[in-house]
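Please walk through the structure below, one region at a time. The paragraphs after it cover helices, cores, a loop, a pocket and a cavity.

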Amino acid sequence: MASESTLRFSAQTDEVTSLLRIVNMVRTGEAMTRPEIGRITGLGRGVVTQRIDQAIEMGFLADSELAPSTGGRSARTLRFRSEQGLIVVCALGALHIRVGIADLDGTLIAHTHEPWDIASGPEKTLARTMELADALLTKQGEAPVWAVTVGLPGPVDFAHGRPVAPPIMPGWNGFDVRGAIQEHFDAPAWIDNDVNLLVFGERARRDAATDDLIYCKIGSGIGSGLLSQGRVHRGANGAAGDIGHVRVSGSEEPCRCGKVGCLEAVAGGWALVRDARRAIENGATGQLAEAAHTGGQLTPEAIARAAENGDSLAIGLVQHSARVVGEAAATLVNVFNPKIFIIGGAAAAAGELFLAEVRQRVYELSLPLATRDLQIVPSVNDAQEPLRGGAALAIETLFVTTFPRWFSGGRPTVHVTSPA
């Protein structure tokens with residue numbers, strides 16, 4: 001058997017490559033017994049036994065139950081030791097903090113959330129986020145934190161873990177979020193746009209290993225995440241999919257980013273609230289107006305619910321938003337040619353009322369080949385999806401992207417997993 005030091009300093013030798021592959025085969029369920037691993041990899045029985053013994057000694061695998069008999073002696077199954085480390089996921093929105101703890105299989109084992117204004121600034125927001133995470137971790141026993149992911153509601157330079165000119169996050173521009181998180185948890189951290197976490201969640205839920213998918217989130221703002229052949233596409237600097245600030249022809253509405261006529265300023269959740277207030281001030285009546293006059297809070301969710309309940313003002317606002325979003329979506333469909341286009345965020349609460357308008361505009365404005373197999377569907381609208389997606393991001397980065405750099409040490413460290 002090769003020593004740990006030999007493995008540590010080897011290049012990507014056949015020995016190392018086969019060891020990593022076997023761990024990942026068991027982790028993903030591709031093969032669960034020694035004979036299965038031998039058949040799939042083509043490695044001899046002795047080599048398979050040696051690699052598995054190494055993986056067990058290093059703490060990645062363990063023997064498990066006997067497999068069902070196929071006529072001969074039952075083979076002993078293997079399992080990936082998902083309990084050996086924890087993943088912390090922090091999903092920050094414009095008005096909330098969500099924190100979850102997952103195991104190394106991506107199973108969410110604890111979570112919490114609370115209202116929070118992201119405009120409170122990075123120091124206060126991250127301090128509160130880490131307090132919530134620490135409170136969850138104290139209940140999880142002695143397993144160490146192996147990774148942390150953070151989703152932010154704005155553009156993120158993924159390679160350096162810093163937000164870049166986020167319109168709704170004053171004081172966050174260029175802040176070293178990754179450095180602050182890694183220092184606190186002493187574990188590698190990855191910072192991404194919040195919609196990308198949702199894309200990871202959808203990929204895991206659908207088992208979309210090779211799918212081309214777009215997730216368009218229409219909440220307070222508008223953003224999208226792109227999945228190309230099963231891999232999240234971030235672009236050169238992490239700005240791919242940021243459709244919220246493309247120009248809408250003919251609009252002069254000021255946007256929170258400082259420009260005018262942005263898609264978000266015309267069709268985003270905060271634009272719906274603005275337009276609802278304008279209409280009510282100008283004498284609009286109905287369920288939405290009555291609720292506003294009696295102290296009810298105007299929110300994108302409230303407008304979506306009112307539209308579902310037949311309020312004419314809300315229906316008009318939702319349909320206008322959907323038409324404009326549909327025009328932008330048609331451009332994405334023509335350029336990216338996804339198989340699945342998912343609508344999430346507050347807009348999903350309006351259901352088919354919103355989706356029908358988006359579908360109509362996309363099919364009117366997109367090429368027939370681009371829409372031939374296209375599915376335009378709502379998200380599952382589960383508040384825990386970004387947490388599951390953040391866990392999936394950490395698992396991919398640990399066991400697919402950076403595994404060769406840290407496996408010989410038995411667990412990841414900040415230095416060897418840095419994406420920059």
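Contact here means heavy atoms within 4.5 Å. Helices (H or I, at least four residues) and strands (E, at least two) are DSSP runs, numbered from the N terminus. The model is predicted, with local features needing pLDDT of at least 70 and side-chain atom pairs counting only at pLDDT 80 or more, while totals for chains, interfaces and linings use all residues. Residues are numbered from 1 along each chain as its sequence is written, and side-chain values use heavy atoms, with hydrogens and water left out.

Start with helix H13, residues 352–365. Its 14 residues should span 20 Å at 1.5 Å a residue, and the end C-alpha atoms are 19 Å apart, which agrees; the expected span is 1.5 Å times one less than the number of residues. Buried means under 20% relative accessible area, exposed over 50%, and partly exposed in between (1.4 Å probe, protein chains only). In H13 the buried residues are Phe354, Leu355, Glu357, Val358, Arg361 and Val362. Seen down the axis of H13, they fall within an arc of 165°, so they line one face of the helix; the arc is that of the directions from the helix axis to the C-beta atoms. An α-helix has 3.6 residues a turn, so residues three or four places apart point the same way. Packed against the buried residues of H13 are strand E10 (213–218), helix H12 (312–336), strand E13 (340–344), helix H14 (368–371) and strand E14 (375–378).

Helix H3 (residues 34–41) has Ile37, Gly38 and Thr41 as its buried residues. Down the axis of H3 these lie within an arc of 100°, so they too line one face of their helix. Their cover includes helix H2 (14–28), helix H4 (45–57) and strand E2 (76–80). Just after H3, glycine 42 takes a positive phi of about 80°.

Ile37 also belongs to the largest nonpolar core. Such a core is a set of buried Ala, Val, Leu, Ile, Met, Phe, Trp, Tyr and Cys residues joined through side-chain atoms within 4.5 Å. Of its 49 residues, Ile37, Phe60, Leu61, Phe399, Phe403 and Phe407 touch the most other members. Helix H15 (residues 385–401) gives the most to this core, with eight residues. Apart from it lies another core, of 45 residues, among them Ala276, Ala304, Leu317 and Ala370.

Which loop holds glycine 93? Glycine 93 lies between strand E3 (86–92) and strand E4 (96–103). At 4% relative accessibility, glycine 93 counts as buried. Its C-alpha atom is separated by 6.6 Å from that of leucine 152, 59 residues apart along the chain.

On a 1 Å grid over the protein atoms alone, a cavity is a set of points where a 1.4 Å probe fits but cannot get out, and a pocket is an open set with protein on both sides within 12 Å along at least five of seven lines; lining residues have an atom within 4 Å of a point. Grid points are joined across faces, edges and corners, and a volume is the space filled by probe spheres set on the points. The second largest pocket has a volume of about 650 Å³. Of its 22 lining residues, Arg27, Arg203, Ala204, Ala392 and Ile395 are the closest to the centre. H15 gives the most to this lining, with seven residues.

The largest cavity holds about 80 Å³ of space. Among its 13 lining residues, Leu272, Pro300, Ala304, Ala346 and Ala347 lie nearest its centre.
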